[in-house]
Amino acid sequence: MRHEPWPKTALLVAIIVGVAVVAAQALAHWFYGLVSLLVLTASLVRYFFPTHYALDAEGVECTLLGFVRRYAWTRFRRVDAHRDGVFLGPLPRPSRLDSFRGVFLRFHQNREEVVYFV
């Protein structure tokens, strides 16, 4: 989990559990509550679990829950620096598809190092 304030995380967990309970009650079966709980948790997996990044001369390696994805630097055509990270995009201009195709490298007290390396 990222370094988010505890009340924000607790509220998010309460909302997820609440939606699961409402789904189970509204559809009259516990299975639908479980499905909604799993889908909502899976959609927020990057919030609840840490993602580790490794940068080297060949590209970026992202590790989340034991799954490793490797991206070559040649894949990226755009770099956008933000307050809390750097976005690496495969398209030369911003697009609606950026969140599905790009990689967002979050800073962890290493902003200068990451920006310099990228």
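Tutor: Let's take confidence, then the aromatic pairs.

Student: What should I know about the ground rules?

Tutor: This is a predicted model, so local features need pLDDT of at least 70 and side-chain atom pairs count only at pLDDT 80 or more, while totals for chains, interfaces and linings use all residues. Residues are numbered from 1 along each chain as its sequence is written, and side-chain values use heavy atoms, with hydrogens and water left out.

Student: What pLDDT does the protein average?

Tutor: The average is 88, and 97% of the residues score at least 70. pLDDT is the predictor's confidence in each residue, from 0 to 100.

Student: Where is confidence lowest, and where is it highest?

Tutor: Lowest in helix α5 (residues 111–117), with a mean of 78, and highest in helix α2 (residues 30–43), at 94. Helices here are DSSP runs (H or I, at least four residues), numbered from the N terminus.

Student: OK, rings. How many aromatic pairs does the structure hold?

Tutor: Six. Rings of Phe, Tyr and Trp (its six-membered ring) pair if their centres lie within 6.5 Å; planes under 30 degrees apart are stacked, over 60 edge-to-face, the rest tilted.

Student: Why is the pair of Trp30 and Phe31 edge-to-face?

Tutor: Because their planes sit at 80 degrees, with centres 6.4 Å apart.

Student: Which residues form one aromatic cluster?

Tutor: Tyr71, Trp73, Phe76 and Phe117.

Notes: Helices (H or I, at least four residues) and strands (E, at least two) are DSSP runs, numbered from the N terminus.
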